Structure formats: structure tokens, C-alpha cells
Amino acid sequence: MSNNIEPQRKVIADAVVSMDGYTSTGPDDDMSWAMEHISSDESEVFYEGIWRGVTTALVGRTNWEGFTSVWPGLTSDPNSSARTRDLGNWLATVEKVVFSTTLQQADLDKTEWTNARISRDLEAEVRSLKTAPGRDILVLNSASIIQSLLKADLIDELYLTVVPATLGTGVRLLPDGLASRWRLAQATTIPTTGAVALCYRRPSS
């Protein structure tokens, strides 16, 4: 007799990093160092393979404010590619959990994006989401969330896209003092920009 225990949902973290390990230059980062890669046709195809399997997105305050100020315009722009518009529509409607100690639910409800809610307790929220119905859970390029979940051993797959640029300073993606082991599951090159997308998975216990 087979048991009916459902497998836990995967938590996937996705981030763009420089060759020297930074994910941004700081709070006012304009991402100009990575835009050639982010806006390339090849990267759109690669990222579509990730977000199509996701039914919950996790985002921090900084990225929430940045994304909601830019993406509605990109989504409605007839000059945007079909994949960009598809991604924008997905971002606007997918279940989103925003982790912030300052934002209120009313702040989220003022934006054009729907299906978003505030959470204060990252670890407890993610543990609950992993056992809830749904497909994959994706952290949207938020260094602080990724660092905290790595420390709590709650990330199952880590996508790092290494852009051929060095920043010299800024926000490092991987936290100091973290010891962990991973298995390389996939390596994809983006020839037009020279970026390399690496997918690491936790080894099976």
C-alpha cells in the first residue's frame, strides 16, 4: 500500500552576480553592469525555464519597490518582447510574499500587481510554504532573503548567473561563515554576453 505523503515544494534562489561575487553595488544600484545580460534574448529563454514552474515568488522590500515601479511599464510596452510581456504578466499575478519590517499590506495594494501579501517571519513562512500545495517557490534576486535561507538550510536549488564584470564593492550574495556543499546540476553559457548560468542543487542525503 503506497503512502500519500506529498513531496515538499522546492525553494529556488536566482541571482545575478559579478565575477567577484557581488549581486549589486549597493542600495542605489542601477544594474547597468548586468543589463546587457538581463535584456538579452538568450537570458529571457533561460529564465523562462525557471519561472514557468513556479507558483509562489518571494521578494524583499527593495526589489518589490523596484520591480513594481518598472515592470508594469515594460509589460504594457508594445515594443517589449513577447517573453518580457509574459514574464511581466506572471509577476503581476503569481502569488507573491513580500518580506519587510516597514511595508504594510496597504502599500502592496496600491500597486498594479495583485496576489501579494506581507510577511514578517521569513523562516517560518518558507517552512510553511514548502508543505503547502503548489509548485516551486522562487526567490527573486533578493540577496538578504537568499542569505537568510541559506543559513537556515532552506534553499534546494541555487541559480547563479555570473556576469563578466567586477564591481569591487557592494552587496555580496553569499554570506560569510556559511559552510555548505552543492552539486552542479546545469551549466549554461550565454554567448552574446559572456555570462555563465550555473544551477547548483543540494546533494541527496
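**View 1. The charged end of Arg-172 and the ring of Tyr-22.** In this predicted model, the charged end of Arg-172 is placed over the ring of Tyr-22, and the distance to the centre of that ring is 4.2 Å.

**View 2. Aromatic pairing between Phe-46 and Tyr-159.** The model holds four aromatic pairs in total, and one of them joins Phe-46 to Tyr-159 in an edge-to-face arrangement, with 6.0 Å centre to centre and 70 degrees between the planes. Phe-46 belongs to helix 2 (residues 41-51) while Tyr-159 belongs to strand 7 (residues 157-163), so this pair ties together parts of the chain that are 113 residues apart in sequence. Both Phe-46 and Tyr-159 are buried. Together with Tyr-47, Phe-46 and Tyr-159 make up one aromatic cluster.

**View 3. Aromatic pairing between Trp-51 and Trp-90.** The rings of Trp-51 and Trp-90 form a tilted aromatic pair, in which the centres are 5.4 Å apart and the planes stand at 40 degrees to each other. Because Trp-51 lies in helix 2 and Trp-90 in helix 4 (residues 82-93), the pair ties together parts that are 39 residues apart in sequence. Trp-51 has a relative accessibility of 6%, which is under the 20% limit and therefore counts as buried. Trp-90, with a relative accessibility of 13%, is likewise under 20% and so also counts as buried.

**View 4. Trp-90 within the largest nonpolar core.** In soluble globular proteins, nonpolar side chains tend to be buried together. The largest nonpolar core in this model has 34 residues, and among these Trp-64, Trp-90 and Leu-138 are the ones that touch the most other members. When neighbours within four places in sequence are left aside, Trp-90 is in contact with Trp-51, Val-54, Ala-57 and Leu-138. Apart from this core there is a second, separate one of 23 residues, which includes Leu-58, Ala-143, Ile-145 and Leu-149.

View 5. Thr-75 is found in helix 3, which covers residues 61-76. The relative accessible area of Thr-75 is 15%, and because this value is under 20%, the residue is classed as buried. If residues up to four places away in sequence are not counted, Thr-75 touches Arg-85, Gly-88 and Asn-89.

How values were computed: Residues numbered from 1 in each chain as written. Predicted model: local features only at pLDDT ≥ 70, side-chain atom pairs only at ≥ 80, totals over all residues. Heavy atoms only, no water. Helix = DSSP H or I, 4+ residues; strand = E, 2+ residues; numbered from the N terminus. Buried < 20%, exposed > 50% of the residue type's maximum accessible area, 1.4 Å probe, protein only. Contact = heavy atoms within 4.5 Å. Phe/Tyr/Trp six-rings, centres within 6.5 Å; stacked < 30°, edge-to-face > 60°. Lys NZ or Arg CZ within 6 Å of the ring centre and 35° of its normal. Core = buried A, V, L, I, M, F, W, Y, C linked by side-chain atoms within 4.5 Å.
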